[in-house]
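Welcome to this short tour. Open the model in your viewer, keep the selection tool at hand, and we will go from stop to stop.

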Amino acid sequence: MTTFEHIGVVGAGAWGTALANAAARAGRTVTLWARDPVQVAEMAETRANPRGLPGVALEERVRPTADLAAAAAADAVLLVVPAQVCRAVAGDLAPRLAPGTPLVSCAKGIERGTAAFMSDIIAAAAPTALPMVLSGPSFAHDVARGLPTAVTLAGADAGMAQDLAAALGSSSFRLYHSTDVRGVEIGGAAKNVLAIAAGIVAGRRLGASAGAALTARGFAELLRFGRAFGARSDTLTGLSGLGDLILTAGGPQSRNFAFGLALGETGTVPQSGKLAEGAFTASALVAMAAGQGVEMPICAAVDAVLASRLSVEGAIEALMARPQRAEA
């Protein structure tokens, strides 16, 4: 059994900080990397990360650093950067990693332009690493503060996934392990697009009934897409699929919901604010679905609104005007 005593966390935003605290709470020594030396100095001095996760103290075992090699020297590395920069950062890590080091993507998205999933990006950019993914219903503040949370860790090597899940788990942070890497990735990516749609419904004040219908029909789209790309049904109906959709589509604490909420209220795409991965994933998701003949009308409507091909009102009208059909 691999014990993983030292965990590297690359990315000191909200989620990276939360995962660093969770790993430290599990008894691991944690090296938390940030690109900006000034931010690192602030974290080391104050034992907090106001830029990444205000109001949360860093655990004692968390060591901030601006030295990427120090994080790469860990027994396993959590890659906690936005999906669209995953390739660049994984490439920077690659020459610094020992062969066979688990490199765990903690982003929830699909790369624009290539339609690549995060595990495929890791395999290409850091070929000696062992690609894994971590996803599930988890808000950074909840995890950082030690509130009860459960997520899924997936890797092709079942034993390695089980060992790393055990190393990161604690009484407040429960990890289920899986070999369905693709299913876990698809749940995390698709639910972000659907959360934007849920936010639009709330922003337009269309009511709780509309919100529930959208979540249910959106989950049907997620299932169709996942099955077309080889995901297991139990993964899609589990934590990293349905569980994460319920959380992310449930309110403005979700960045993607908040993005959709602002879009629904104003009718214009927000140009600033916290990162909403779904806004970058939507076009890739819809194109991939079309390539497989998978019908995803809600996700397609979100993509059309983001690309200014449809207004919010036009998207709602188009969805409600779709032909009557049996539920499936």
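Begin by selecting two groups of residues: N192, A195, I196, A198, G199, I200, A202 and G203 in α8 are in contact with N256, F257, F259, G260, L261, L263, G264 and E265 in α12. By type, the residues of this contact comprise nine nonpolar, six polar and one charged. Keep in mind as you look around that this is a predicted model.

Now show both helices whole, α8 as residues 181-203 and α12 as residues 255-266. Their axes come within 6 Å and cross at roughly 40°, so α8 and α12 are oblique to each other. Turn the view to follow the crossing of α8 and α12, which is right-handed.

Next, select T31, which you will find in strand β2 (residues 29-33). Is T31 buried or exposed? T31 has 6% relative accessibility, so this residue counts as buried. Display its neighbours too: leaving aside residues up to four places away in sequence, T31 touches H6, I7, G8, V9, R63, T65, A70 and A71. With H6 there is also a polar contact, side chain to side chain, at 2.7 Å.

The last stops concern the backbone. Most residues other than glycine have a negative phi. Select F4, in the segment before β1 (6-10): phi of F4 is positive, near 55°. F4 is buried, at 2% relative accessible area.

Finally, go to R47, in the loop between α2 (37-46) and β3 (62-65). Phi of R47 is also a positive value, near 55°, and R47 is partly exposed, with a relative accessible area of 28%.

Conventions: Residues numbered from 1 in each chain as written. Predicted model: local features only at pLDDT ≥ 70, side-chain atom pairs only at ≥ 80, totals over all residues. Heavy atoms only, no water. Helix = DSSP H or I, 4+ residues; strand = E, 2+ residues; numbered from the N terminus. Buried < 20%, exposed > 50% of the residue type's maximum accessible area, 1.4 Å probe, protein only. Polar contact = N/O pair within 3.5 Å; in protein donor to acceptor, adjacent residues only side chain to side chain. Contact = heavy atoms within 4.5 Å. Axes fitted to C-alpha atoms, helices over the stretch in contact; angles between N-to-C directions. Parallel < 35°, antiparallel > 145°, perpendicular 65-115°, else oblique. Left-handed = near helix turned anticlockwise from the far one by under 90°. Nonpolar A, V, L, I, M, F, W, Y, C, P; charged D, E, K, R; others polar.
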